[in-house]
Amino acid sequence: MTNRPITEDDLHAYVDGVLEPEREAEVAAYLEGHPDMARRVAAFSDQCDLLRKALAPIADEPLPPQLNLSRMIERPRRHPSFLRWAVAAMLMLSIGGLGGWVMRGSLQASPGGLAALAQEAAYSYSVYAPDRVRPVEMRASDSAQLVQWVSNRLKQPVKLPDLTGSGYRLMGGRLIATSHGPAAMFMYDDDRGDRLVVLTRPMTSDQSAPMAPHSGGDVSGFAWADGGMGYSLVGQAAAEALRPIANEVRKQARTI
Amino acid sequence: MNDMLRLIEPVIPALRRYARALVRNRAAADDLVQDCLERAISHWGQRREGDPRPWLFTILHNLALSQFRRSARRGKHIAIGEANENDFGQDAVQEQKLMYQDVLDKLARLPDDQRAVLLLVAVEDLSYADAARVLDIPVGTVMSRLSRAREKLQQEIEGTADTVPKNVVQLRSMK
């Protein structure tokens with residue numbers, strides 16, 4: 001006997017069967033002398049048993065075709081399902097409708113350029129961020145080529161924001177078509193899998209504009225323009241959580 | 001590639017069980033599992049060596065969490081009491097089925113963070129350390145939540161819990 005007092009944790013570990021044999025014997029001996037505790041521990045074990053039995057049939061069900069892993073591995077780059085596109089289209093409609101209205105409100109001081117950029121960023125987010133298969137065209141491992149490619153297409157040096165300090169890793173990026181020409185989209189995610197999008201393109205109006213919040217649908221973000229280039233950061237976090245990240249992007253972009 | 005199949009495939013039934021116990025809707029749960037598997041395939045290189053179960057449960061749990069947060073932001077409640085009875089065990093005899101349904105209803109009334117711990121430890125057999133990893137909380141917190149979950153569920157089972165109105169349990173952050 002070690003004479004260590006029996007703790008609440010010991011009792012749960014006893015129920016879960018994860019104690020060392022010696023300790024398990026000590027707990028068993030303790031329970032013999034404490035029938036009230038023994039009843040409680042027995043009740044916890046019964047609970048476990050009941051829960052397992054109640055949930056067991058789910059694990060015994062045959063897997064639906066959508067969860068066929070071999071097929072998912074063989075075709076990792078399959079096109080997003082019809083459903084996903086339908087959802088993306090619906091999101092775009094709701095952002096275009098409701099979102100457009102909200103954006104008009106918050107970006108009234110700068111109609112035209114910045115509002116359009118904010119909307120393009122929101123569209124890009126709702127189409128590409130939910131894509132679990134191919135959200136980006138070039139991955140982070142090819143970031144040098146990505147930067148060169150988008151800089152060539154935008155005819156501007158584009159700086160790739162590094163958001164690791166804010167807890168977001170670069171996933172990669174792609175070129176986006178807008179009515180104002182090509183834009184570069186970069187996507188990031190954090191440990192929870194939450195994604196952010198940074199969109200940048202040369203501005204036709206609003207060559208320089210202060211940072212303004214925008215929101216629509218279930219995304220929000222910030223847009224601004226500096227020296228002819230427009231930027232918008234979009235995510236699903238609350239706008240205030242995105243503000244420091246937007247500040248960081250702006251700071252880094254200024255050091256080109 | 002073969003590794004991926006060999007290591008992930010046997011875990012899929014358990015992932016479905018956990019997802020269903022969290023969201024209580026077959027289609028929504030399987031969508032979550034599908035997202036989880038796609039993510040696991042594309043991030044296969046980022047897993048740690050060893051048992052892939054904690055890693056897979058972490059992905060699944062985080063996806064469920066961000067889905068809950070999105071729904072909450074849209075102001076849409078996922079009422080976890082509104083499960084379709086047919087979503088649970090189909091071939092158990094009727095009386096047993098009712099008993100199982102009853103304990104699952106009671107499980108649904110636990111706070112989300114407590115329910116998650118109880119499921120991972122008592123049903124999915126994760127070690128306390130692995131459960132802590134999945135939920136991104138210290139092991140001490142796992143133990144205190146486990147203790148509270150078991151006490152609360154026992155009160156529910158014995159009918160001594162404060163009567164909580166049904167169907168209003170809302171999914172909050174599970175931290």
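How many residues of chain B are in contact with chain A, and how many of chain A with chain B? In this predicted model, 56 residues of chain B touch 43 residues of chain A.

**View 1. The face that chain B turns to chain A.** Putting the two chains together buries about 4,700 Å², and carbon and sulfur atoms give 58% of that. Sorted by type, the residues of chain B that touch chain A come out as 28 nonpolar, 9 polar and 19 charged.

**View 2. A salt bridge between the chains.** Here the side chains of D189(A) and R39(B) meet, N to O, at 2.8 Å. Between chain B and chain A the salt bridges number 7.

**View 3. Y18(B) against F57(B).** Over all chains, the count is 3 aromatic pairs. In this one the ring centres of Y18(B) and F57(B) sit 5.5 Å apart with their planes at 75°, so call it edge-to-face. Y18(B) is in helix 2 (residues 12-23) and F57(B) in helix 4 (residues 53-73) of chain B, so the pair ties together parts 39 residues apart in sequence. Both Y18(B) and F57(B) are buried.

**View 4. Two tryptophans, W44(B) and W55(B).** With centres 5.8 Å apart and planes at 65°, the rings of W44(B) and W55(B) also make an edge-to-face pair. W44(B) comes from the loop between helix 3 (26-42) and helix 4 of chain B, while W55(B) is in helix 4. Both W44(B) and W55(B) are buried.

Definitions and conventions. Residues numbered from 1 in each chain as written. Chains lettered and ligands numbered in written order. Predicted model: local features only at pLDDT ≥ 70, side-chain atom pairs only at ≥ 80, totals over all residues. Heavy atoms only, no water. Phe/Tyr/Trp six-rings, centres within 6.5 Å; stacked < 30°, edge-to-face > 60°. Helix = DSSP H or I, 4+ residues; strand = E, 2+ residues; numbered from the N terminus. Buried < 20%, exposed > 50% of the residue type's maximum accessible area, 1.4 Å probe, protein only. Contact = heavy atoms within 4.5 Å. Buried area = accessible area lost by both parts, 1.4 Å probe. Salt bridge = Lys/Arg side-chain N within 4 Å of Asp/Glu carboxyl O. Nonpolar A, V, L, I, M, F, W, Y, C, P; charged D, E, K, R; others polar.
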